[in-house]
Structures are given as structure tokens and as C-alpha cells.
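Work through the exercises below with the model open beside you. Try each task before reading its solution.

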Amino acid sequence: MTAFLLWLLLLVICWPLALLALVLYPLVWLLLLPFRLVGIAVGGVFELLRAVIRLPARVLSGHPRRA
């Protein structure tokens with residue numbers, strides 16, 4: 001909602017820039033999408049490594065796993 005209100009303010013102040021932002025936003029989103037996917041994959045790999053490293057300590061501790 002805040003982004004929409006800021007865009008409306010930009011539309012009032014400088015309408016050509018607001019229309020340019022409206023056109024370019026989907027293109028920038030599409031360009032950044034592969035980087036987001038790589039970030040999700042790298043985060044998953046780090047979580048897997050953390051779980052593998054912590055597994056022996058969790059097995060030897062004998063305490064039930066907390067959520």
C-alpha cells in the first residue's frame with residue numbers, strides 16, 4: 001500500500017517518471033528473478049550443511065528435538 005501511495009505521489013509530481021517506473025518495474029522484476037532463485041538455492045544448501053554438521057551432536061545429546 002505504501003508503494004502505491006508513493007507511486008501516486010510521484011504521478012502527481014512528475015507523471016512521465018511515474019509512467020516510466022510503471023513500465024520498467026516488470027522488466028526489472030524479470031531481470032532479478034534468476035538472482036532470487038539462486039539465493040533460495042544457496043540458502044537451502046546452507047541449511048542442509050548446517051543440519052548435517054549438527055546431526056552428530058543432536059544424536060549424541062539424547063534430547064528430543066525442539067521445533
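## Exercise 1: An aromatic pair

Phe 4 is found in helix 1. This is a predicted model.

**Task.** Find how many aromatic pairs the whole structure has, and decide whether the rings of Phe 4 and Trp 7 are stacked or edge-to-face.

**Solution.** 
1. A search of the whole structure gives 1 aromatic pair.
2. The ring centres of Phe 4 and Trp 7 lie 6.5 Å apart, and their planes meet at 20 degrees.
3. Planes under 30 degrees apart count as stacked. The Phe 4 and Trp 7 pair is therefore stacked.
4. Now place the two residues. Helix 1 covers residues 2-13, and Phe 4 and Trp 7 are 3 residues apart in it, about one helical turn.
5. An α-helix has 3.6 residues a turn, so residues three or four places apart point the same way.
6. Phe 4 has 47% relative accessibility and counts as partly exposed. Trp 7 is partly exposed too, at 22%.

## Exercise 2: Overall form

**Task.** Count the helices and strands. Then compare the radius of gyration with the globule rule.

**Solution.** 
1. The chain has 2 helices and 0 strands.
2. Its radius of gyration is 23 Å, whereas the globule rule gives 11 Å for 67 residues. The value is well over the rule, so the chain is more spread out than a compact globule.
3. Look at the box. Along the principal axes, the C-alpha atoms fill roughly 65 × 25 × 10 Å.
4. Look at burial. Of the 67 residues, 1% count as buried.

## Exercise 3: A nonpolar patch

**Task.** Which residues make the nonpolar surface patch of about 870 Å²? Is Leu 32 buried or partly exposed?

**Solution.** 
1. The patch is made by Leu 17, Leu 20, Val 23, Leu 24, Leu 27, Val 28, Leu 31, Leu 32 and Phe 35.
2. Buried means under 20% relative accessible area. Leu 32 has 39%, so it counts as partly exposed.
3. Pro 26 also has its place in helix 2. At 41% relative accessibility, Pro 26 is partly exposed.

## Exercise 4: A salt bridge and a kink

**Task.** Identify the partner of Glu 47 in its salt bridge. Then find where helix 2 has a kink of about 40 degrees.

**Solution.** 
1. The salt-bridge count comes to 1.
2. Glu 47 pairs with Arg 50, and their closest N and O atoms are 3.4 Å apart. The cut-off is 4 Å.
3. The two residues are 3 apart in helix 2, or about one helical turn.
4. Glu 47 is partly exposed at 45% relative accessibility. Arg 50 is partly exposed at 41%.
5. The kink of about 40 degrees lies at Arg 54, shortly before Pro 56.
6. Gly 62 follows helix 2, with a positive phi near 80 degrees.

## Exercise 5: Sequence and space

**Task.** How far apart in space are Pro 26 and Pro 56, and Phe 4 and Leu 37?

**Solution.** 
1. Pro 26 and Pro 56 are 30 residues apart in sequence, and their C-alpha atoms are 46 Å apart.
2. Phe 4 and Leu 37 are 33 residues apart in sequence, with 26 Å from C-alpha to C-alpha.

How values were computed. Residues are numbered from 1 along each chain as its sequence is written. This is a predicted model: local features need pLDDT of at least 70, side-chain atom pairs count only at pLDDT 80 or more; totals for chains, interfaces and linings use all residues. Side-chain values use heavy atoms; hydrogens and water are left out. Helices (H or I, at least four residues) and strands (E, at least two) are DSSP runs, numbered from the N terminus. The radius of gyration is taken over C-alpha atoms; the globule rule is 2.2 Å times the number of residues to the power 0.38. Buried means under 20% relative accessible area, exposed over 50%, partly exposed in between (1.4 Å probe, protein chains only). Patches are made of residues with over 30% relative accessible area and no salt bridge: like charges are joined within 9 Å, nonpolar side chains (Val, Leu, Ile, Met, Phe, Trp, Tyr) within 5 Å. Accessible areas come from the Shrake-Rupley method with a 1.4 Å probe; for residues, only the protein chains shown count as cover. A salt bridge is a side-chain nitrogen of Lys or Arg within 4 Å of a carboxyl oxygen of Asp or Glu. The bend at a residue is the angle between axes fitted to the seven residues ending there and the seven starting there. Rings of Phe, Tyr and Trp (its six-membered ring) pair if their centres lie within 6.5 Å; planes under 30 degrees apart count as stacked, over 60 as edge-to-face and the rest as tilted.
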